[in-house]
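Hello,

Please find the structure below. My notes on it follow.

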Amino acid sequence: MVEKESATTIDIERFWSVGPGFSHVKVHIQPPNSPAEILKRLGPSPFPRGGFPIIGFLASAFEKVSRYAIERNAESGYNEHHS
């Protein structure tokens with residue numbers, strides 16, 4: 001059985017840091033095949049049709065976030081240093 005850490009044993013200064021093994025992880029960021037691909041994975045909208053076009057809005061938002069992540073990754077040079 002694995003013991004759970006209590007809140008008092010967590011080092012808050014290192015909570016968001018990664019260990020030395022992380023340098024071996026390869027990350028390849030690429031855009032989805034379709035901007036709405038993530039929405040398709042989530043399933044049908046729980047909202048009634050006819051009002052605000054939430055699916056179109058979310059598809060546009062996901063596309064912009066994807067583009068931003070790819071640009072930031074390219075600017076950081078992360079893939080060049082960690083390939």
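Is Trp16 buried or exposed? Trp16 is exposed, because its relative accessible area is 78% (buried is under 20%, exposed over 50%, partly exposed in between; 1.4 Å probe, protein chains only).

Some ground rules. This is a predicted model, where local features need pLDDT of at least 70, side-chain atom pairs count only at pLDDT 80 or more, and totals for chains, interfaces and linings use all residues. Residues are numbered from 1 along each chain as its sequence is written, and side-chain values use heavy atoms, with hydrogens and water left out.

**Around Trp16**

Trp16 sits in the segment before helix H1 (37–42) (helices are DSSP runs of H or I, at least four residues, numbered from the N terminus). On the surface, Ile10, Ile12, Phe15 and Trp16 make up a nonpolar patch (residues with over 30% relative accessible area and no salt bridge, nonpolar side chains joined within 5 Å; a salt bridge puts a Lys or Arg side-chain nitrogen within 4 Å of an Asp or Glu carboxyl oxygen). Together they have about 530 Å² of accessible area (Shrake-Rupley method, 1.4 Å probe). Phe15 is partly exposed, at 45%.

There are two aromatic pairs (ring centres within 6.5 Å; planes under 30 degrees apart are stacked, over 60 edge-to-face, the rest tilted). Phe15 and Trp16 form an edge-to-face pair, 4.9 Å centre to centre with 90° between the planes.

**The largest pocket**

The largest pocket (an open set of points on a 1 Å grid, with protein on both sides within 12 Å along at least five of seven lines; lining residues have an atom within 4 Å of a point) holds about 310 Å³ of space. Its lining has 17 residues, with Pro44, Ser45, Phe47, Ile54 and Ile55 nearest the centre. Helix H2 (54–76) and H1 each supply at least two lining residues. H2 gives the most, with four.

Best wishes

Technical notes: Patches are made of residues with over 30% relative accessible area and no salt bridge: like charges are joined within 9 Å, nonpolar side chains (Val, Leu, Ile, Met, Phe, Trp, Tyr) within 5 Å. Rings of Phe, Tyr and Trp (its six-membered ring) pair if their centres lie within 6.5 Å; planes under 30 degrees apart count as stacked, over 60 as edge-to-face and the rest as tilted. On a 1 Å grid over the protein atoms alone, a cavity is a set of points where a 1.4 Å probe fits but cannot get out, and a pocket is an open set with protein on both sides within 12 Å along at least five of seven lines; lining residues have an atom within 4 Å of a point. Grid points are joined across faces, edges and corners, and a volume is the space filled by probe spheres set on the points.
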